[in-house]
Amino acid sequence: MLKYILKRLLQSLLTILIIVSVVFLLMRMMPTDYFFTEDELIKLTEAQKQSKLEAAGLLDPPLVQLKNFFQNMFKVDYIYASKQQALINTKLQSGVAEGVHSVVESAIQKYYSDAEAAEKEIDKINNKILTDTIITKQIDGALQGENGTDSAFVAEQLASNLASKALGTLFKDAKKAIGEEQAGILRDELDATLHSKMSELLGGVDLDINAAGFKNFLNHLNPANYHFTFSLGESYRIRHGVSVIEIISDKFPVSMRIGLCSLALALVLGVVLGILQARYKGGILDNVCSGYTIFINAVPHLVSYTLIMYLCAHLFNLPMTFRSATPVTSAIPPILCLSTASTANYMLWMRRYMVDELNKDYIRLAQLKGFTTTQVMFRHVMKNAFLPLAQYLPYNILLTVGGSLLAESFFSVPGMGPLLTQAISRYDTNLVQAIVLFYATLGILGVFIGDLLMGILDPRISLTKKGGTR
């Protein structure tokens, strides 16, 4: 089974790459004017257009552009240095200033009995002696020193320099305010606390962002030091400058909710009614459901959609178009429209598969053994009849959540359905490529999962043997 899964995954990946490559090359055969917005076409000179196309690599040979496209699609960056630098900046630029000011403030408040004098002293230390500019200079000086990559040395250097700056003025004022003996105790405690605070702040922080040797080797083995980027470019015309992935991610949830609801409704109604049709073959229910199936398949979808929209609006006072302010009630008409055709198909095939199963020898044998009709239907017939539907169920689910062009356009649903036609009509090449990749992935993945589901539901089906049957 594992060998089969790996083989099918590789085949699926190769198929997707071929589809994307063909679409990419076809889009590159279009005139280069479509890579500009309408405003750019009017305002830019020919020289400016050529310069912009050249900078974007759109004047390179098509195969070179294809290679660059795949290189830019999957990008892995080694970010240890930038990540570590950001951590250091956070620890030092904000942490040191906050730590120093808190230590000075608590020490002064502890030994000054006069609250007003203490407040003045704290204000003078913070805003004149230990300003952010002075602290930043001290940090830069400590990091650029000979031992700037040693966190213990940097902590000691910072503590000594900042303490000397604070204590130079503070000790003179403190002798007058609290006496020489208390001022000496304040000085010693402040000095010791600052050293402890800086050591605690920088403890375990790696200041060597340009590590070399074995340490550099270990850093390159750590997956956390890499940043993976998946990009399909930016939209040219639909939403200029916005990532096509962002555009799809905005549209996809709307289509997904409507699609899943319609599929769930169609699956429940279609399968249940199909079973009842087979159970009471030739009866009133069978005839009514068969008439419904014929009507849905014979009448154009726009006619049935118009009928559903009219009934929902006049009988249940539902909106005739999708409204973002009322997404639940607005979604009911498109859900009903999308489920009508699927319900008819599930009824048709479930009835057909169950009737086929009812005519097989093992069913007659079960009936001769004394099993009731209900037992035969649910223990044997329904399980085997549902298998062919189960094979295509994942495919239907994945494509359904991708949106419906007709239904979403008809009800003005801001989903995935109309997006591809809009992108094609506006010649938004990057968006067309992204949507084709999206639908190709959904379709191939649906078929792949369907095969696996068949093997899980019926152990007699072999996916690994040649000519394997059940």
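In the predicted model, Glu121 forms a salt bridge with Lys124, and the closest N and O atoms of the pair are 3.7 Å apart. Both residues belong to helix 6, where they are separated by three residues, about one turn of the helix. Helix 6 spans residues 115-129. Apart from residues up to four places away in sequence, Glu121 touches Ile108, Tyr112, Leu170 and Asp173.

A further pair is found in helix 6. Glu116 forms a salt bridge with Lys120, with 3.9 Å between the closest N and O atoms. These residues lie four positions apart within the helix, again about one turn. Both Glu116 and Lys120 are exposed. In the structure as a whole, the search identifies nine salt bridges.

Another of these interactions involves Asp250 and Arg239, whose closest N and O atoms are 3.1 Å apart. Asp250 is located in helix 11 (residues 244-279) and Arg239 in the loop between strand 2 and helix 11, so the pair ties together parts that are eleven residues apart in sequence. At 41% relative accessibility, Asp250 counts as partly exposed; Arg239 is also partly exposed, with a relative accessible area of 31%. Through salt bridges that share partners, Arg239, Glu246 and Asp250 are joined into one network.

Asp428 presents a contrasting case. This residue is buried yet has no salt bridge, and the nearest side chain of opposite charge, that of Arg426, is 7.0 Å away. Since a salt bridge requires a side-chain nitrogen of Lys or Arg within 4 Å of a carboxyl oxygen of Asp or Glu, the distance to Arg426 is not one at which Asp428 is paired. Asp428 is placed in the loop between helix 18 (419-425) and helix 19 (429-457). With neighbours within four places in sequence left aside, its contacts are Ser235, Tyr236, Arg237, Ile238 and Ala423.

The loop between helix 18 and helix 19 also contains Tyr427, a residue other than glycine with a positive phi, near 60°. Tyr427 is partly exposed, with a relative accessible area of 32%. A positive phi, near 55°, is likewise found at Ser412, which lies in the loop between helix 17 (405-410) and helix 18. The relative accessible area of Ser412 is 45%, and the residue is partly exposed.

Val76, in strand 1, counts as exposed at 53% relative accessibility.

At the level of the overall fold, the secondary structure comprises 19 helices and two strands. The radius of gyration is 36 Å, well over the 23 Å given by the globule rule for 470 residues, so the protein is more spread out than a compact globule. Along the principal axes, the C-alpha atoms fill a box of roughly 110 × 70 × 60 Å. Buried residues account for 39% of the 470 residues. Of the contacts with a separation of 6 or more, 73% are between residues 24 or more positions apart. The accessible surface amounts to about 25,900 Å², and 61% of it belongs to carbon and sulfur atoms.

Notes: Residues are numbered from 1 along each chain as its sequence is written. This is a predicted model: local features need pLDDT of at least 70, side-chain atom pairs count only at pLDDT 80 or more; totals for chains, interfaces and linings use all residues. Side-chain values use heavy atoms; hydrogens and water are left out. Buried means under 20% relative accessible area, exposed over 50%, partly exposed in between (1.4 Å probe, protein chains only). Lys and Arg count as positive and Asp and Glu as negative; His and the chain ends are not counted. Contact means heavy atoms within 4.5 Å. The radius of gyration is taken over C-alpha atoms; the globule rule is 2.2 Å times the number of residues to the power 0.38. Accessible areas come from the Shrake-Rupley method with a 1.4 Å probe; for residues, only the protein chains shown count as cover.
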